[in-house]
Amino acid sequence: MSSVKLPIYREAIVNQRSGLSYLIFHHKLVLFLFVLVFLGGNLSFAQERSEKPQNSGSDAVSVAVRDLQQQVSELRSAVSEMRSEAAEYRAETLALRRELEATRAQSGLPESQATEADHAASTEASAGLPAGSLDRRVEALEGSSQLLSGKVDEQYQTKVESASKYKVRLSGIVLMNLFSNRGAVDNQDFPTYASPRTPYDSDGNFGATLRQSEIGLEAFGPKLAGAKTSAQIQFDLAGGFPSSLNGFNNGLVRLRIASMRMDWQRTSLVVGQDSLFLSPLSPTSFASLAVPAFSYAGNLWGWIPQVRLEHRFDLTDSQSVMLQGGILDNLTGEPPYAQYQRQPQAGEKSAQPAYGSRVAWSHVLNGHPLTLGAAGYYGRQNWSFYRHNDSWAGMADWEVPITSQLSISGEFYRGKTVGSLGGGIGQSVLFNGNPLLAQTRVLPLNSVGGWSQIKFRATPKLEFNGAIGLDNPFARDLRVFPASQGIYDLTLLENRSAFGNFVFRPRSDLIFSAEYRHLRTLQIYNGNSSADQVNLMMGVLF
């Protein structure tokens, strides 16, 4: 394309130069003739004046002055028009030169050849050679039109336009999971715990899914009070299944994140539904994106509506401290009471939000950040009939680069009534009867858990990860009321999980991964169950 466009642009510049030279020559000729006529008229007027009587001299002078003023006005108008047309020709010539340079850069034409071609075109124009036939001019215009159309099409293909005209960025991942399970699990494609086998269960199963694919939008707005404004929204397809044939392959859209930010130099304000800032880390796994890896196995998590404030202190060039604090929607980990109407649950019935805070210290070590953090959480729950419980948790997180290639990370928590954050294997409280009756007692469930991961970066494109996790509700609480209230129907005593995987990124937008995961879950009266999963993954980031 570029090799065809270069002659077209040179021809256009030659035409422009020729037109400009012709215009200047034409106006100079007109000006010269006008001066001759003007001088001739003045000479004639002088002769007539010497021959006429003296008493008519004043009238003749007045007429001559008026004629001269009119001629001067016409001359100024002509000069103004000539300057305007010359400026337009110069602007068009400059634009053509810029397009020519851009096309030359795309075509890769050597500078020497391009300079010789431009010089030849200039020589032809200065020599007064024909600017080109009508067909060549039409061809040049068609070439310019095609180039502009191509540029416009390319712009529309690469730009996401918003109604506000501010920058918008599309991102996400298309992820394919091929999985094989041995043993019974709660969820076939991304299991979180092992369940007892029933007569309906087989020795294993095999399947594939794309419902862990994600899509998101980021919008970058104007500055407000010195802060950069931005927003993001993120969805996946793990919101359940439609009641249709092969509905497992048609996952329902689910809202994960919808948040807005105001970022100053060291302070940030975050408003919206976002990840749990009290537990910022998760194990590295593309086998479990719909829920973070080790959910209900020691990894506290949640996408919760919140308002939080963050502030960073720079101690030295390589050390900093971050303070975070905010309020969160006071959840209990229960499913909704109704499908289409939102009714308050125990946390929201307390008429107050949940509260959270975190402090973290960071230091650059071996080219990576070493981070140590500590966090706290508190919420109040009202289970009606004056049955109140406190929900609280203390957390710690760490990320330590041992060398430039080897690092460890993890989290630990100790809490009570934290099923809404995935603690207690999703169990918050226990009942000794029907929770709708006033005489039923409500017992808060204590739990402890955590996880740890070791990461080895063999190359910039290949890494290996190994991790273990554990969530342990207190047995003394479970034995008092062995009927749990949470997202599971079973009374789960302990949940363990471990995995090993590799992640290979041949390109920044392409991911290959394979993972083996083992799960072992204990129940209060039904012994323990175990399961294994092998997961092969391919993902494309955009």
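Guide: Start with Tyr296, which counts as buried at 14% relative accessibility. Buried means under 20% relative accessible area, exposed means over 50%, and partly exposed lies in between, using a 1.4 Å probe and protein chains only. Before going on, note that this is a predicted model, where local features need pLDDT of at least 70, side-chain atom pairs count only at pLDDT 80 or more, and totals for chains, interfaces and linings use all residues. Residues are numbered from 1 along each chain as its sequence is written, and side-chain values use heavy atoms, with hydrogens and water left out.

Visitor: Where is the place of Tyr296?

Guide: Tyr296 sits in the loop between β6 and β7. Helices (H or I, at least four residues) and strands (E, at least two) are DSSP runs, numbered from the N terminus. Its backbone is worth a look too: phi of Tyr296 is near 65°, a positive value in a residue other than glycine. Phe294 is found in the loop between β6 and β7, and Phe294 has a positive phi of about 65° although it is not a glycine. Phe294 counts as buried, because its relative accessibility is 2%.

Visitor: Which residues line the largest cavity?

Guide: Phe294 is one of them, and the others are Pro191, Thr192, Ser288, Val291, Pro292, Ala293, Ser295, Ser497, Arg517 and Leu519. On a 1 Å grid over the protein atoms alone, a cavity is a set of points where a 1.4 Å probe fits but cannot get out, and a pocket is an open set with protein on both sides within 12 Å along at least five of seven lines; lining residues have an atom within 4 Å of a point. Grid points are joined across faces, edges and corners, and a volume is the space filled by probe spheres set on the points. The structure holds two cavities of 30 Å³ or more, and the largest cavity has a volume of about 50 Å³. Its lining divides into six nonpolar, four polar and one charged residue. Here Ala, Val, Leu, Ile, Met, Phe, Trp, Tyr, Cys and Pro count as nonpolar, Asp, Glu, Lys and Arg as charged, and the others, Gly among them, as polar.

Visitor: And the pockets: how much space lies in the largest pocket?

Guide: About 1500 Å³. It is lined by 43 residues, and Arg254, Trp301, Glu334, Pro335 and Pro336 are the closest to its centre. β5 (254–263) and β7 (303–314) each supply at least two residues of that lining, with β7 giving the most, three residues. By class, the lining of the largest pocket has 20 nonpolar, 16 polar and seven charged residues.

The second largest pocket holds about 800 Å³ of space. Of its 35 lining residues, Ser275, Ser279, Pro280, Leu281 and Ser282 are the closest to the centre. Elements giving two or more residues to this lining include β6 (267–275), β8 (319–328), β9 (354–365) and β11 (388–401).

Visitor: How do I read the pairing of strands, say β10 and β11?

Guide: Two strands pair if DSSP finds at least two bridges between them. β10 (residues 368–382) and β11 pair in the antiparallel sense over twelve bridges, and Tyr377 stands opposite Ala393 in β11. Their hairpin has five residues between the strands, and Ser384 there takes a positive phi near 70°. β11 also joins β12 (residues 406–416), antiparallel, by ten bridges, with Met395 opposite Tyr413 in β12. A hairpin of four residues links β11 to β12. While you trace these, remember that side chains in a regular strand alternate between the two faces of the sheet.

Visitor: Which residues is Leu478 in contact with, leaving aside its neighbours within four places in sequence?

Guide: Contact means heavy atoms within 4.5 Å. Leu478 touches Leu430, Leu445, Pro473, Thr491, Leu492, Leu493 and Ile524 on that count. Leu478 lies in helix α6 (residues 475–478) and is buried, with a relative accessible area of 0%.

Visitor: What is the mean pLDDT of the chain?

Guide: pLDDT is the predictor's confidence in each residue, from 0 to 100. The chain's mean is 82, and 70% of its residues reach 70 or more. Over residues 33–57 the pLDDT is below 50, and that stretch has eight contacts beyond near neighbours in sequence. Residues 109–131 are also below 50, with 23 such contacts in the model. Where pLDDT is low, the predicted coordinates should not be read in detail.
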